[in-house]
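Thanks for coming. I have one structure to go through, so please look at the screen.

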Amino acid sequence: MTTYDLMKQLAGAEDYDPNSMRVERAREFIRKTLAPVCGNEMLSLKDVFGRVLFEDIVSPLNVPGHDNSAMDGYALRFADINSGGETTLKCIGESFAGHAFHGTVRHGECVRIFTGAVMPEGADTVVMQEHSAKGNDDTVTMAADAVTAAGQNRRFAGEDIQKGAIVFKRGQRIGAPELGVLASLGVAEVAVFRRLRVAFFSTGDELTPIGAPLPEGKIYDSNRYSLYGMLNHLGMEAMDLGAVPDVPERIENTLKTAAQNADVVISIGGVSVGAADFIRSLLDKLGQVLFWKLAMKPGKPLAYGMIGDAHFFGLPGNPVSAMVTFYQFVREALLILQGQAVASPLLLPAVLTAPVKKAAGRVEFQRGVCEARDDGCLVVTPAPEQGSGILSSMAKANCFIVLPLEAGKLAAGETVNVQLFSGLVG
Ligand code: AMP
Ligand code: MG
């Protein structure tokens, strides 16, 4: 089914109310229209940090490749250890990491061994050097109970990753641990999804570019910079098309250029009902776009649809609304389009340190500062100013306080769910 068909289906559903669109419903609808881009590229390991695997990675080898020691000490045969007393063995050589001992450990013998060194043939156990004492000659005495079972302090070949195992699946984001694991397999190049091309622009006659003096009654264009930051953090190829005045022809041209050159187009401002809001009628002409008044605060208006083959998001102009709407809808969509298997952000319970005002009938994403009390319990303090124009509240906060649709006002001491910015906001 095409996105256009889905849109018709949604618009025709009995309980569909664009004037009070539930957050979950909007998210589900958007998810249904998304299929990852097909493009991919082979890149060397250092260039794939933050990218998404295009193929499953099957291990070409065992990691580690051989049994080796987990400690500095002596490799020996567990059967030689006297239970309940000391054991004296003859040391017949050394095994270093990268320089194995060539020989066999026989009855009554041991080999000095270092962490990561290959276990010599015949030995099955390692005694830590702290539990041993070197004699005057080539003997070593192991303390009583230095080891209590065969195989102690020994790492087994393939105990991390077995040859032939699927190590990572297509859709895995490559972070620092993944880079290390891929290197441990000797993988020098990997196929990753190509980066998503996201064109974005802001709208409004009041917007002044930074660096220029601010005329009376105008404002600096802040949204385009927070959006630039959010897109960069997600590893997108961000195409900044600038600030466009509220002139229909200019907006139309920008939308057309954006849709021809990008996978996703994001506009900011002009999606609410207002005198200068041309976007709505323009979009009816250029594509298939749904306009929703979401049952949420902040960030009520959201436009979503297609212009040609490009996905389109129209974000509200109020700076906090723009950011909240991005995190709650656009972020997940962009990651899916870029091939990533995404999990919903974690919701953590935290106790309110102050009351919050909240009207039932909408989901609220209030800004707050979450911290751990001495007893380890999480507490959250709501930002004093929750207006959708108070952008500094986003910068001061470290989490969203997610208040569900049905909740009314809440008292200090009540437990709420928070969504930490860490990992979400860059
Ligand atoms: P709009 O959604 O275009 O009606 O704008 C709503 C509010 O957000 C107005 O106060 C605008 O001045 C403000 N706004 C819109 N776009 C931006 C922007 N790019 N940067 C800062 N504020 C903006
Ligand atoms: Mg505007």
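Of the 15 residues around ligand 1, the nearest are Glu206, Asp221, Asn223, Gly270 and Gly317, where "near" is having a heavy atom within 4 Å of the molecule or strand in question. This is a predicted model, in which local features need pLDDT of at least 70 and side-chain atom pairs count only at pLDDT 80 or more, while totals for chains, interfaces and linings use all residues. Residues are numbered from 1 along each chain as its sequence is written, chains are lettered from A and ligands numbered from 1 in the order in which they are written, and side-chain values use heavy atoms, with hydrogens and water left out.

Now the polar contacts, meaning pairs of N or O atoms within 3.5 Å; within protein, one must be able to donate a hydrogen and the other to accept it, and residues adjacent in sequence count only if both atoms are side-chain atoms. Glutamate 206 places a polar side-chain atom 2.6 Å from an oxygen atom of ligand 1. From glycine 317, a polar backbone atom is 3.1 Å from an oxygen atom of the ligand. The protein covers 76% of the 480 Å² of accessible area that ligand 1 has on its own (Shrake-Rupley method, 1.4 Å probe; for residues, only the protein chains shown count as cover).

Which strands each supply at least two residues of the shell? They are β13 (197-203) and β15 (219-220); strands are DSSP runs of E, at least two residues, numbered from the N terminus.

Next, the sheet. Six strands form an open, mixed sheet in the order β7-β4-β6-β5-β9-β8, two strands counting as paired if DSSP finds at least two bridges between them. β7 (125-128) and β8 (132-134) are at the edges with a single partner strand each, so one side of each has no neighbour in the sheet. β4 (residues 73-76) runs antiparallel to β7 over four bridges, and alanine 75 has valine 126 as its bridge partner in β7.

Last, some backbone details. Most residues other than glycine have a negative phi, and most peptide bonds are trans. Valine 63 and proline 64 are joined by a cis peptide bond, omega about -10°, and proline 64 sits in the loop between β2 (57-58) and β3 (68-69). Lysine 297 and proline 298 also have a cis bond, omega about -5°.

Aspartate 145 has a positive phi, near 60°, and lies in the loop between β9 (139-142) and β10 (154-155). Is aspartate 145 buried or exposed? At 54% relative accessibility, aspartate 145 counts as exposed (over 50%; buried is under 20%, partly exposed in between, 1.4 Å probe, protein chains only).
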